[in-house]
Structure formats: C-alpha cells, structure tokens
Amino acid sequence: MKTQLELAREGIITEAMKEASAYDDVSPEFIREGIAKGQIVIYGNPNRKARVVGIGKGLKTKVNASIGTSPDIVDIDMEVKKAQTAEKYGADTLMELSTGGDLTKIRKRILDSISLTVGTVPLYQAAIETNKKKGSVVHMEADFLFDVIEQQAEEGIGFMAIHCGINLITLERLKKQGYRYGGLVSRGGSFLTAWMNHNKKENPLYEQIDRLIDIMKKHDVILSLGNGLRAGAIHDSTDRAQIQELIINSEIAEYAQSKGVQIIVEGPGHIPIDEIEANVLIQKRLSNNAPFYMLGPITTDVAPGYDHISSAIGAALSSCYGADFICYVTPPEHLALPGPDDVREGVMAARIAAHVGDMVKLKDKAKNLDLKMGIARRDLDWKTQYETAITKERAQEIRNSRPPMDEDTCTMCGSLCSLKGVMKYYEQDLKKSRKKKRYSSKLLNEIADYL
C-alpha cells in the first residue's frame, strides 16, 4: 500500500485529499501539492474510517483535544463522554492518552465512539505494562515497545507522538546545562530518560528508526515527532536541550519523508510570549516548513485553574506566526484530571485562539467571519449572531438566561442600546453600504462557505 505522501508525489489526488480540501475550502490540488512537499499531512490509515482534516501550511489552524484515564481515576464512560464532548464542540482531532486501567480496552471504546482522527503515545502503554510486570519502566524491552506501536497502528490510530529526538547527545545537553528549574514534565520524555540513564543505552526509537518508519509506512500513520524535553516552566524555555531535540527531530523528519512517511514536528509547552515567534521560525526553518504542533503553549506559570486562558494567549500567537496545530489545555491543568465540562472549556478556548491567529495568518479568509458578526451586531440581528459565533451554544444560553424587556436588545444596555439609539439616523447610509462590494451577497456566501 502506498502512503498519502507517496501518492501525492506521483500526482494522484485521493479521496482523503478531497475530503481534506472540502474541510478547509481549498482545492484538492492545493492539498496534494502540500502533502507532496511535506508541508501538509492528512489521515491515511486504512484500518479505521475517520474524518480527514489537513494540518499544515496554508490551512486553518487545527485544534487537538487530549483525554485519558490516570492511575487515580479510571472511568471509561467518562472518557467516552469527554471524547464525544471534544467532537461536539469542534476539536479537529483527539489524542487518547490513558495511563490507568485496561489501556487497549479504553482505546477501542474511544475509537468506536467518535469519528475524529485519533492519536496516541504508544510509549505510555509499553512503559505502564512493563512497570506492572517488571516493577519499573527501565526494564522495558525494545521489541515490546515496537510491538505496541504496531498493535496501535493496526487498530486505526491516525498519528502517534513518538519521542525519537531524545538521544544520548540530547541528554548530554540536559546534563551540561545543569538540568532544569521545572524538571522534565513530558511523561514519554521522562520514561525514556530514565530508561537510557539506567541502561546506559541509546534510545531504541532513535537507534532503530528504520524499524519505526517501516511500521508508520505500512499503516500510513503520521509520525508526530514528540517534544519529550519540552519546557515545563517558563524559565526553561528555549534552552539547549530543547533545541538539540528539535535538531534531531528535524533530521528524522526529513529522513522519514524521504521514505514516504508523513510527519509532524512538535513544539514547546511553557514559553513566554516574546519567544513564540522565534520558536515557530526555528522549527519551520529546520524542518523545511513541516507541520508544527504547538503543545499549549502556556505563557505563564502562575495561573493554575486558568491555564486554558494562559494557553489560549500562546496558541493565538503561535497560530499567527505559523504554527499549524495546537493542543488544547483545560482549566485543571497541573491540578487534576479534567472532566467533560473541562474538555468543553479547553476546546472552546483553543478554537478561539486558533481563529484569532488565523485572522493574521489567513487574513480575509478568516476575518470575513468577524465582518459578518460586526454587521449582525450593528443590525441587532441576533439569529445571525448566534449562527456566526464559534461559541453559539454558550452565547444563546447566556442571553436567554437574562432576557431583555426589549427583544432587540440585551440586558447589558437595555433601552439605552447605543446601536439602536442612532440607527434611525443612518438608515439611508445603511442602504447604500449594503450595496457596496464588501457587504455584497457574494461575500456573505463566501463567509457561509467558510463556516
């Protein structure tokens, strides 16, 4: 079986490419060309039917929602509800990251419950099952890790975060810089770091890269090159260990693409806003504009309980500077396992951030949505406001919970509504403006297509 990347390089437009083009309102050829260049990826695993979205250059910034059990809370029904909530509120993809309970059973329930492309971190299952059987992740066998990767690919997983870029050179950088203020916060990164330090061996995911690539290619799984040494504290951002891992990941990305495997490069987790542009630029330059997956990024460490807001700030800037894919953050980040309501809040915050960034990155194609809202607000057209809003359900819920005396207005201003107060003086101007090109029915139809 040829991968989507191989087919794109042969000039073939597949059904998956057509589906991705419709999702972003671009031509199928645009998607094919982007895939062929290694700058766009799409779901290609034939083992499961999933909704296809394009991630990469020239497309809307996509949002990933992550769910999963923990050793403390194993509630499969809740995880299914969280997955369905993520899909309902507009997440583009989902990552199933369970670390407690029957991991295979949980994953299969999630795969059966939604239509989104699902990603995983196979190392979690390999490490956790090794820990149960042998007492520690340091006793994990490389063959078992690759068996888990193959198993998950056969189940229909669309993309896998795999920590190939942590090697002996990367750990040397970490040691020479004096470790970190915030420690290692990536679970996959910490598992491998412990394994390598204990066994005095190279990371098998790096050392046996061709074995990994063969599995990815066989099932057309997108290789998302994990950021195992991402910063977990603002004062560790953009340090030598992180950059060393990015260099290795970029080399692997180029090699994997040459073998016909689609790739994504993952980015840092905690980072101040004045370093975001540089991180996007460095990643894009080193990886030949490969799709960039920003984890967060969380822009301050002092807002626990509101980290979805801190992350939305970072995600908006990341998107604006060229990041293609962002991972949501929920309010309980750093505090507790999220529930379904937390998933909803995380998805909505990330979607707003992605749109804000796309207004710069995609210019009028995204801004026209705001133009439609501006006109609807001016005209007190509540129906169109609800239809246009990313947050339509919440917007309608809030207004209906506090109904105004005058149904044209809201209870913020009531009879003192500034828009209604002056509208009669400009009725003739409004009629003229509606005839202008920027308010034409053609433009509004284009906006509707974008929605």
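This is a predicted model: local features need pLDDT of at least 70, side-chain atom pairs count only at pLDDT 80 or more; totals for chains, interfaces and linings use all residues.

Reader: Which residues of the largest nonpolar core touch the most other members?

Author: They are Leu-94, Ile-149, Ile-162, Leu-212, Met-216 and Leu-223, in a core of 94 residues. Helix α15, residues 340–361, gives the most to this core, contributing seven residues.

Reader: And what does Ile-149 touch?

Author: Leaving aside residues up to four places away in sequence, Ile-149 touches Pro-122, Met-160, Ile-162, Leu-205, Leu-212, Ile-215 and Met-216. There is also a second, separate core of 15 residues, and Ala-8, Ala-16, Tyr-43 and Ala-50 are among them.

Reader: On to helix packing. At what angle do α2 and α3 pack?

Author: Helix α2 (residues 15–24) and helix α3 (residues 28–36) pack at about 115°, and their axes are 8 Å apart. The two helices are therefore roughly perpendicular to each other. Their crossing is right-handed.

Reader: Which residues meet there?

Author: From α2 these are Met-17, Lys-18, Ala-20 and Ser-21, which meet Pro-28, Ile-31, Arg-32 and Ile-35 of α3. By class, the residues of this contact are five nonpolar, one polar and two charged.

Reader: Now α12 and α13: how do their axes cross?

Author: The axes of α12 (residues 240–258) and α13 (residues 276–286) cross at roughly 30° and come within 9 Å. Because angles under 35 degrees count as roughly parallel, α12 is roughly parallel to α13. The crossing of α12 and α13 is right-handed.

Reader: Which residues make that contact?

Author: Helix α12 supplies Gln-242, Leu-246, Ile-247 and Ser-250, while α13 supplies Asn-279, Ile-282, Gln-283 and Leu-286.

Reader: How many of them are charged?

Author: The contact of α12 with α13 has no charged residues; four are nonpolar and four are polar.

Reader: Is Gly-414 buried or exposed?

Author: Gly-414 has a relative accessible area of 18%. Since buried means under 20%, Gly-414 is buried.

Reader: What separation do you have between Gly-414 and Lys-361?

Author: The C-alpha atoms of Gly-414 and Lys-361 are separated by 37 Å, and the two residues are 53 residues apart along the chain.

How values were computed. Residues are numbered from 1 along each chain as its sequence is written. Side-chain values use heavy atoms; hydrogens and water are left out. A nonpolar core is a set of buried Ala, Val, Leu, Ile, Met, Phe, Trp, Tyr and Cys residues joined through side-chain atoms within 4.5 Å. Buried means under 20% relative accessible area, exposed over 50%, partly exposed in between (1.4 Å probe, protein chains only). Helices (H or I, at least four residues) and strands (E, at least two) are DSSP runs, numbered from the N terminus. Contact means heavy atoms within 4.5 Å. Axes are lines fitted to C-alpha atoms, for helices over the stretch in contact, and angles run from 0 to 180 degrees between N-to-C directions. Angles under 35 degrees count as roughly parallel, over 145 as roughly antiparallel, 65 to 115 as roughly perpendicular and the rest as oblique. A crossing is left-handed if the near helix is turned anticlockwise from the far one by less than a right angle, and right-handed if clockwise. Ala, Val, Leu, Ile, Met, Phe, Trp, Tyr, Cys and Pro count as nonpolar, Asp, Glu, Lys and Arg as charged, and the others, Gly among them, as polar.
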